[in-house]
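Subject: Structure for your files

Dear colleague,

Here is the structure I said I would pass on. My notes follow it.

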Amino acid sequence: LDEGADILDIGGESTRPVAGLVSEDEEIKRILPVINSILSVRKDAIISVDTSKPAVAEQSLKAGARIINDVSGLKFNSDLLEVVKKYNASIVIMHMKGNPQTMQKNPEYGNLIQEIYDFLFIQSQKAELTGIKHIFIDPGIGFGKTIDHNFEILRRLSDFKSLGYPLIIGNSRKSFLGNTLNIPDPIERDFASAVVNAASLLNGAKIIRTHNMQYGVQTVKLINNIC
C-alpha cells in the first residue's frame, strides 16, 4: 500500500495448475488473520479475496474485505452471488477452462475469444440480475490457455471492452512469459511482466495484477501520461 497499490488481493488456496484443494475452514483460517492485520493498521485498505467458496467470502466480507475475486467465474458455486450482494461488495468474474487440476491439460477452443467473451457476458449478466452493482471481468491469462492462447487474448483485449465492465488482467510472473523468454525463475520475470502489462493497459485493461509494485506503479503512470 505504501508503494502505491490500490487493491490487495489475498488468497488462501493456490489456483496454480494441479494445485491441491483446501477446505473452507483452512482457507478461512489462512485469510482472516491477514485481513484483520491489514485493517488494524490501514482501515481504508481495499481488500480483495480470491475465493470461489460462499462461506469463505462471507467471513472475509464480514471482516472488512470489499471485493470477491472468483477465478471460476461463478461456475463452482453460484451461491457466491448472494453473499456478494448481501454485503454490497464487488465481484471479479474470471474465465477459466476446467479447474486448476485439469486446466492446463491440452486446452482447446473452437473460437478462443468468442468463447471467453460469451462466458463473461453470461456470467456478468447473472451477477447483474442478482443485483450486484460493481462487476469486473478477467479473461483469465494462464487459466486453461496455451502460450499462443495467452498472446491472442492480449492482442485482442480490446474486444472485451464492449462488455462494459472494467477489465482486469493478470500477467505478472506467469509461466507463459518464462517459457517464451526462457526465464525459469518467476522472480526474474518482472521486466517481462511490466512490458506485457503496458501493452495490456494500452489495449483496454483498467487494472493490472502485479508482484513488483515499483514496476507496476511506474508502468501505470507512464501509460496514463501517454493515453
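Which residues of helix α2 (residues 54-63) are buried? This is a predicted model, and in it the buried residues of that helix are P54, V56, A57, E58, S60 and L61. They are covered by, among others, α1 (24-41), β2 (47-50), β3 (67-70) and α3 (80-86). Just after α2, G64 has a positive phi of about 125 degrees.

On the chain as a whole, the secondary structure consists of 8 helices and 7 strands. The radius of gyration is 17 Å, close to the 17 Å that the globule rule gives for 227 residues, so the chain is as compact as a globular protein of that length. Along the principal axes, the C-alpha atoms fill a box of roughly 40 × 40 × 35 Å. Of the 227 residues, 48% count as buried. Among contacts with a separation of 6 or more, 63% are between residues 24 or more positions apart.

As for the surface, the accessible area of the chain is about 11600 Å², and 52% of that belongs to carbon and sulfur atoms.

In soluble globular proteins, nonpolar side chains tend to be buried together. The largest nonpolar core here has 51 residues. Those with the most contacts inside this core are I35, I47, I68, I91, L120, I153 and F160. Leaving out residues up to four places away in sequence, I35 touches I10, I47, V49, S60, A63 and A65. S60 is also one of the buried residues of α2.

N197 is buried, with a relative accessible area of 2%. Apart from neighbours within four places in sequence, N197 is in contact with I169, N171, I208, R209 and T219.

Two backbone angles are also listed here. Most residues other than glycine have a negative phi. L74, which is not a glycine, has a positive phi of about 75 degrees. L74 lies in the loop between β3 and α3 and is buried, at 5% relative accessible area. N182 also has a positive phi, near 55 degrees. N182 sits in the loop between α6 (175-181) and α7, and at 68% relative accessibility N182 counts as exposed.

Regards

Methods. Residues are numbered from 1 along each chain as its sequence is written. This is a predicted model: local features need pLDDT of at least 70, side-chain atom pairs count only at pLDDT 80 or more; totals for chains, interfaces and linings use all residues. Side-chain values use heavy atoms; hydrogens and water are left out. A nonpolar core is a set of buried Ala, Val, Leu, Ile, Met, Phe, Trp, Tyr and Cys residues joined through side-chain atoms within 4.5 Å. Buried means under 20% relative accessible area, exposed over 50%, partly exposed in between (1.4 Å probe, protein chains only). Contact means heavy atoms within 4.5 Å. Helices (H or I, at least four residues) and strands (E, at least two) are DSSP runs, numbered from the N terminus. The radius of gyration is taken over C-alpha atoms; the globule rule is 2.2 Å times the number of residues to the power 0.38. Accessible areas come from the Shrake-Rupley method with a 1.4 Å probe; for residues, only the protein chains shown count as cover.
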